Amino acid sequence: MRTSLVLLSARLLDPVTGRFLPETALAAAGGRITALGDDREIRALADASATVIDLKGAVVTPGLVDGHTHPVHGSDLTHGLDLSACTDLDQVRAALSAEARSLAPGAWLRGWGLDPNVFGDGPVGIAPFDDVLDGVPALLLLFDAHSMLASRRALELAGVDGPRTFAQASAEVVCDADGRPTGLLLEEAAGELVERVAPQPTRAERRDRLAATLRGMAAAGLTGGHVMDAGGDSLDLLAELDAAGELPLRLRVAPWCQPGTDDDGVRALIEQQGAGGTLWRTAGVKIFMDGTIDNGTAWLERPDCHGESTHAFWPDPEVYTRIVAELHRAGVPTATHAIGDAAVRHVLDSVEKAQAEHGRGVRHRVEHIETVPDDTLRRFAGLGVVASMQPTHCCDFTRADHTDNWSRRLGEERASRAWRCRDLLDSGATVVLGSDWPIAPYPPLGVMAGARHRRPTRDLTQAPHGPEQAITALEALRGMTVSAAHAAGEEHEAGRIAVGQRADLTVLAADPLTTAATELPDVPVLLTAVDGRPAHRDASL
């Protein structure tokens, strides 16, 4: 087998010990690390066809893996006006006004990343933007991707003039006291009322956007991702890029299982497992147990300050429990979106019941876990359930003084239990880190930094939210390497730098363990290698 990649003059970092390996070079062939040694002996393994790179002392880590991402869905959602940097209504209005002036008559305005905190104590609705969007059909996606704002003209074109009834739990056309829509549409079913009359991109445009997104992810240091959706033609798009040699990341895809899925649907999900190509495959099933705290659709043990977030996403949560048991019996791991404390508890109860009936051996996950009580913590390790966390959600959408929308809804007691990464690790749980892109930026160094400093990334001088929940630099690195591999059941082939492991590698200009958390996102990514071949290479190499 011919050597495909040789890296020389490297500092090879072990994420388990936190120390550098004694070797300074590695070789890869057939997508695997085949040799470790000094520069002279490893250089001798290269023939004329191998890519030989002198790293000049750069740091090599196992490939960084985003534990929760939506590349296809995110590429579809993040076109148009980026509102994520807006911190108040005046900034949003100015951005919308400038964008509206650039549009052709009748054209739709699309925006994304809108933070509900810009509304302060006022209701989330389209009213503050009515004058700048007068006559303009507009859809503005809120940052959580579970809610959006539609302009008056967009609602008119869609024929939405009052409340609607949906099969999807928590979906709602929010209306005022007189029954008139406020512009706020909660969850997918409500948003689809307007989406279906808005112009849609061509498949070629979507493919190009996805390819660009994935290239950006590789350039940021990612070599892989746990993809938490597989709707529409997303698998076809991944297969097409993979076949064309344009897939720069290794992707593990979990298709959705929605309320209403019958026995045939569950069997189809089981049969779909393992399908894929060179760099992607279907593995696991994604399920929603609730919505989000910010829009009042999470499932809490006590209502939020508005009397909301009181129901599960599944009309009958016991149907979810039965489906988890069926997937568990078939050896299929589940990844359940569970943000509220009641949702997390129900997922753990369901896994415990499945294990009691069918034994252990399947690694299930809970995604997000934004607030949980003390008695929930040790159950993760006890049941072997992986805690999948997105620390930058805490950094960028909440505040240390609890004046943000998320914290106000929960109240002081629950807001003080935000994103308990430290407590979960201390209780023995495996904690995987991810971005949940497009909800938060995907660069992995920013994700690891956020887990350490817990400060707003737009202003690192602000106080951290829950500094006692910060984790160490080594724990953060493990969260995107060895822990990600464990969550996928791939610890024997990924997550470390060793002979026989996948040659998925990230090369950084500085040591992520000694670089200050506030400086880590600015460390240059010099190289990402996937399957033993460069997916991104800085011009300096």
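I note here that the model is predicted.

**Entry 1: the helix pair.** I looked up where the two helices run. Helix 10 spans residues 341–358, and helix 11 spans residues 374–383. Their axes come within 11 Å and cross at roughly 35°. Next I listed who touches whom. From helix 10, the residues in contact are Val-344, Arg-345, Leu-348, Asp-349, Glu-352 and Gln-355. They meet Asp-375, Thr-376, Arg-379, Phe-380 and Leu-383 of helix 11. I sorted this contact by class: four residues are nonpolar, two are polar and five are charged.

**Entry 2: Leu-26.** I moved to strand 3, residues 25–29, where Leu-26 sits. Is Leu-26 buried or exposed? I count Leu-26 as buried because its relative accessible area is 0%. Then I looked for its contacts, skipping neighbours within four places in sequence. Leu-26 touches Leu-5, Val-6, Leu-7, Leu-12, Ala-35, Leu-36, Ile-42, Ile-497 and Leu-505. I checked one of these partners by distance. Leu-5 is 21 residues from Leu-26 in sequence, and their C-alpha atoms are 8.2 Å apart.

**Entry 3: the cavities.** How many cavities of 30 Å³ or more are there? I found two.

The largest cavity has a volume of about 80 Å³. I counted 14 lining residues. Nearest its centre are Arg-252, Ala-283, Gly-284, Ala-335 and Arg-365. Strand 14 (222–227), strand 15 (250–253) and strand 19 (334–338) each give two or more residues to this lining. By class, the lining has eight nonpolar, three polar and three charged residues.

The second largest cavity has a volume of about 40 Å³. Its lining is made of Thr-78, Trp-112, Gly-113, Leu-141, Leu-142, Phe-143, Ala-145, Pro-438 and Ile-439. Strand 9 (109–114) and strand 10 (138–142) each supply at least two of the lining residues. I sorted them into seven nonpolar and two polar, with no charged residues.

Entry 4: Last, I turned to the second largest pocket, which holds about 560 Å³ of space. I counted 26 residues in its lining. Which of them are closest to its centre? They are Gly-122, Pro-123, Val-124, Leu-184 and Arg-409. Strand 12 (172–175), strand 13 (181–186) and helix 13 (405–410) each supply at least two lining residues. By class, I noted 10 nonpolar, eight polar and eight charged residues in this lining.

Note on methods: Residues are numbered from 1 along each chain as its sequence is written. This is a predicted model: local features need pLDDT of at least 70, side-chain atom pairs count only at pLDDT 80 or more; totals for chains, interfaces and linings use all residues. Side-chain values use heavy atoms; hydrogens and water are left out. On a 1 Å grid over the protein atoms alone, a cavity is a set of points where a 1.4 Å probe fits but cannot get out, and a pocket is an open set with protein on both sides within 12 Å along at least five of seven lines; lining residues have an atom within 4 Å of a point. Grid points are joined across faces, edges and corners, and a volume is the space filled by probe spheres set on the points. Helices (H or I, at least four residues) and strands (E, at least two) are DSSP runs, numbered from the N terminus. Ala, Val, Leu, Ile, Met, Phe, Trp, Tyr, Cys and Pro count as nonpolar, Asp, Glu, Lys and Arg as charged, and the others, Gly among them, as polar. Axes are lines fitted to C-alpha atoms, for helices over the stretch in contact, and angles run from 0 to 180 degrees between N-to-C directions. Contact means heavy atoms within 4.5 Å. Buried means under 20% relative accessible area, exposed over 50%, partly exposed in between (1.4 Å probe, protein chains only).
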